[in-house]
Amino acid sequence: MTPPVTLRAFTLQDAGVVASWALDPAFVALAGWSCRTAAEHREHQRRLVSRSARFPGWERLAATTPGLGVVGYLDLAAGPDATEVGYAVGPSARWGRGLGSAVLAAGVVEAGRRGLPALLALVSPAHARSRGVLRACGFTRVHAGADTETWRLGLGTKPVDESGPTLRR
Ligand SMILES: CC(C)(COP(=O)(O)OP(=O)(O)OC[C@H]1O[C@@H](n2cnc3c(N)ncnc32)[C@H](O)[C@@H]1OP(=O)(O)O)[C@@H](O)C(=O)NCCC(=O)NCCS
């Protein structure tokens, strides 16, 4: 069974955890991370912490589970009509157990709490795992480009279930 996922503010300490996923070739390949040294990744993640503070429309949240600590992150980037989400679970040994869907589902609940009208996600058509995450969280594909698909979830039409998402695992 998938452990419950909680979202909270992303900290400098979390930056170190996420940067360590740069040592995981499977994670780097699927996430499309550029080749940097571990130190460069750490610095990049640290910059994202201060970016959250400097740009009110952009935020990275840490995704935690009891016992495991930080297992992923959720990014929210405000757009004109919808908020774009990004998400990850690391390291790759944790994939395939429902955590990715749980992270995004927690993001959907958080977006509902914030009164956001809709969420958007951009994904490669070849990214089966990420498309599965989006489907599991109720997103539907609204645009299919050759390289990028756009998936959307409207939040205004139904009340968000504050008790949390119903996950299949
Ligand atoms: C995408 C990501 C968050 C998915 O995390 P996860 O913990 O594996 O997600 P889940 O366990 O909830 O599974 C998601 C889907 O992957 C499917 N899946 C499981 N194992 C799989 C495998 N070996 N190959 C392909 N898909 C697989 C699951 O069946 C599920 O799809 P379904 O709901 O249609 O059944 C994770 O792979 C990740 O962090 N990748 C790097 C960052 C990234 O790519 N982010 C998304 C950017 S668009």
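## Overall fold

Helices (H or I, at least four residues) and strands (E, at least two) are DSSP runs, numbered from the N terminus. Counted in this way, the protein has 5 helices and 7 strands. The model is a predicted one.

In sequence order, the elements give the pattern β-α-α-α-β-β-β-α-β-α-β-β. The protein is as compact as a globular protein of its length, because its radius of gyration, 15 Å, is close to the 15 Å that the globule rule gives for 169 residues. The C-alpha trace spans about 45 × 35 × 35 Å along the principal axes.

## Helix 4 against helix 5

Helix 4 covers residues 99-113 and helix 5 covers residues 128-136; their axes come within 9 Å and cross at roughly 45°. That angle makes helix 4 oblique to helix 5. The crossing of helix 4 past helix 5 is right-handed.

On the helix 4 side, the contact is formed by Gly100, Ser101 and Leu104, which meet Arg129, Val133 and Ala136 of helix 5. Sorted by class, this contact of helix 4 with helix 5 has 3 nonpolar, 2 polar and 1 charged residues.

## Surroundings of the ligand

The ligand is surrounded by 24 residues, and the closest are Ala88, Trp95, Gly100, Ser101 and Gly132. Two or more residues of the shell come from each of helix 2 (25-31), strand 4 (83-89), helix 4 and helix 5. Helix 5 provides the largest share of this shell, with 7 residues.

By class, the shell around the ligand has 12 nonpolar, 9 polar and 3 charged residues. Gly100 and Ser101 are among the residues closest to the ligand, and both also belong to the contact of helix 4 with helix 5.

Conventions
Residues are numbered from 1 along each chain as its sequence is written. This is a predicted model: local features need pLDDT of at least 70, side-chain atom pairs count only at pLDDT 80 or more; totals for chains, interfaces and linings use all residues. Axes are lines fitted to C-alpha atoms, for helices over the stretch in contact, and angles run from 0 to 180 degrees between N-to-C directions. Angles under 35 degrees count as roughly parallel, over 145 as roughly antiparallel, 65 to 115 as roughly perpendicular and the rest as oblique. A crossing is left-handed if the near helix is turned anticlockwise from the far one by less than a right angle, and right-handed if clockwise. Two residues are in contact if their C-beta atoms, placed from the backbone, lie within 7 Å. Ala, Val, Leu, Ile, Met, Phe, Trp, Tyr, Cys and Pro count as nonpolar, Asp, Glu, Lys and Arg as charged, and the others, Gly among them, as polar. A residue is near a molecule or strand if its C-beta atom, placed from the backbone, lies within 6 Å of it. The radius of gyration is taken over C-alpha atoms; the globule rule is 2.2 Å times the number of residues to the power 0.38.
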